[in-house]
Amino acid sequence: MNILFVYFIPSGGVETLNRHRSAALKKKNIHCHFLYYSKERELVNNHDGPTFITNNDNEIKIILKEGNYSAIIITSDYSGLPRFRKLGYKGKIILEIQGLGSQIIARSELKKAIPLVTAFGDGILSSKTPHIMQILDDFSLSFPKFIFNNCFDMSKFSYKLTPNKLTPKKNHLILAWIGRIEDNKNWKEFLEIGYNLINGYNSNIKLYMFEDNSLSNPIERQRFQRLIKTLNLEKSLTIYSNIPNDKMAYYYSIIGNSGGFLCSTSKVEGFGYAIVEAMSCRCPVLTTDSDGVKNSIIHNQTGKFYSIGNTIEAVKEAKELMENVQLRDHIISTALDHVKVHFSPDKYSQQFIKMLERVGTNHKG
């Protein structure tokens, strides 16, 4: 059985999800193909399946004809449902929701999406993102909805021994941030937290920011560069752009080994793959309660929360995460167990197959 997954660009959490579910579903004799409409950078991580990049109707028609797809999963692009029907696809189409921004925007987008799913699709799939689940419950849906956790394969992404060339100097605690230089990822708050910790706690702290520099707008980047200078962080900050995903396991491991942590400052997250990646590499996490992360973070069990906008609280929680060795070890250990249990690829495959069967696609594993 072939399934086509469709999304805008091969970047961010959806691209990570696609790679993990490709490996999971392959074990059940489901072959995943991927269509992205465009790419903003040369790097495309290995998906372990055919990966197409085009937004051309004629080229997509050929992909659909040659792929013989039992179902298509379109992520976020609800306008794609009528489009794929017009291009001649007659099989099952499921709209997948990952993210969609703030709760207000998500509600507005879903209100526009539902009539298109009703007319052209066969159901909606979402991860267990609380605000998305609530919005879907608020609407009276005439089609099936499927809610289950995204998957994460720890056998492919976990703690790594650090190559010497990547090892930081002794006594350098590393605070890391991952995202796009955009408002929702809240990069400003990370720089402020880092500034307060460097100047009021430990001057040897180093800040690592991992980003995709092809996905920020020029005005936001100017603000970013200005604030770095204003806070005098140039010597403490290292910016990494477009690191291949398989290399990130080394960086998460380095950050954890240094005694530091991953700091997620997002306003809203649909799932937060960077958080799960860090957890799997023994790198503890301090995060805002950005909704989707509730699936992975339990305060003082699998990570730490702080209230968005409250840098004083963030600094307090950060200090405890770095100083309280017993609590830190407990968080690291509990986080590993949590990822294994709740984001199991095998569990994801079983739920995915049940979804296919419910919409009328028979799977022979």
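This is a predicted model: local features need pLDDT of at least 70, side-chain atom pairs count only at pLDDT 80 or more; totals for chains, interfaces and linings use all residues.
**Group meeting: strands, helices and selected residues**

Good morning. Thr 75 belongs to a set of five bridges that join β4, residues 69–75, to β5, residues 92–97. These two strands run parallel.

In general terms, the strands of a sheet pair through hydrogen bonds of the backbone, and the pairing may be parallel or antiparallel.

Let us now widen the view to the whole sheet. What is the order of its strands? The sheet is open and has seven strands, in the order β3-β2-β1-β4-β5-β6-β7, and their pairing is parallel. The edges are formed by β3, residues 51–53, and β7, residues 145–147. Each of these has a single partner strand, so one side of each has no neighbour in the sheet. From one strand to the next, the twist averages 20 degrees. Helix α4, residues 103–120, packs on this sheet, where it touches β5 and β6, the latter being residues 123–126. The direction of α4 makes about 165 degrees with that of β5.

I turn next to helix α1, which spans residues 12–26. Does its length fit what a helix should have, or depart from it? At 1.5 Å a residue, its 15 residues should span 21 Å, and its end C-alpha atoms lie 22 Å apart, which agrees. How many of its residues are buried? Twelve of the 15 are, so α1 is mostly covered. Among the buried residues are Glu 15, Asn 18, Arg 19 and Ser 22.

Please keep those four residues in mind, as they return with His 47. His 47 sits in the loop between β2, residues 31–36, and β3. Is His 47 buried or exposed? Its relative accessible area is 1%, and it is therefore buried, since the limit for that word is under 20%. Which residues does His 47 touch, once its neighbours within four places in sequence are left aside? They are Glu 15, Asn 18, Arg 19, Ser 22, Phe 34 and Tyr 36.

The next residue in that loop between β2 and β3 is Asp 48. Asp 48 is partly exposed, with a relative accessible area of 41%. Its phi is near 55 degrees, which is a positive value in a residue other than glycine. For background, most residues other than glycine have a negative phi. Asn 242 also has a positive phi, of about 55 degrees, although it is not a glycine. Asn 242 is found in the loop between β10, residues 237–241, and α8, residues 245–257. With a relative accessible area of 21%, Asn 242 is partly exposed.

We now come to two helix pairs. In the pair of α1 and α12, the latter being residues 345–358, the axes come within 9 Å and cross at roughly 80 degrees. This makes the two roughly perpendicular, because angles of 65 to 115 degrees count as such. On the α1 side, the contact is made by Leu 17, Arg 21, Ala 24 and Leu 25; on the α12 side, by Pro 345, Tyr 348, Ser 349 and Phe 352. By class, six of these residues are nonpolar, one is polar and one is charged.

In the pair of α10, residues 311–323, and α11, residues 325–342, the axes come within 6 Å and cross at roughly 90 degrees. These helices, α10 and α11, are therefore roughly perpendicular to each other as well. From α10, the contact takes in Glu 320, Leu 321, Met 322 and Glu 323. From α11 come Val 325, Leu 327, Arg 328 and Ile 331. How many of the contact residues fall into each class? Five are nonpolar, none is polar and three are charged.

Apart from its neighbours within four places in sequence, Glu 220 is in contact with Ile 181, Glu 182, Asp 183 and Trp 187. Asn 217 lies in the loop between β9, residues 206–211, and α7. At 40% relative accessibility, Asn 217 counts as partly exposed. Asn 217 and Arg 180 are 37 residues apart in sequence, while their C-alpha atoms are 9.7 Å apart in space.

Thank you for your attention.

Technical notes:
Residues are numbered from 1 along each chain as its sequence is written. Side-chain values use heavy atoms; hydrogens and water are left out. Two strands pair if DSSP finds at least two bridges between them. Axes are lines fitted to C-alpha atoms, for helices over the stretch in contact, and angles run from 0 to 180 degrees between N-to-C directions. Contact means heavy atoms within 4.5 Å. Buried means under 20% relative accessible area, exposed over 50%, partly exposed in between (1.4 Å probe, protein chains only). Angles under 35 degrees count as roughly parallel, over 145 as roughly antiparallel, 65 to 115 as roughly perpendicular and the rest as oblique. Ala, Val, Leu, Ile, Met, Phe, Trp, Tyr, Cys and Pro count as nonpolar, Asp, Glu, Lys and Arg as charged, and the others, Gly among them, as polar. The expected span of a helix is 1.5 Å times one less than its number of residues.
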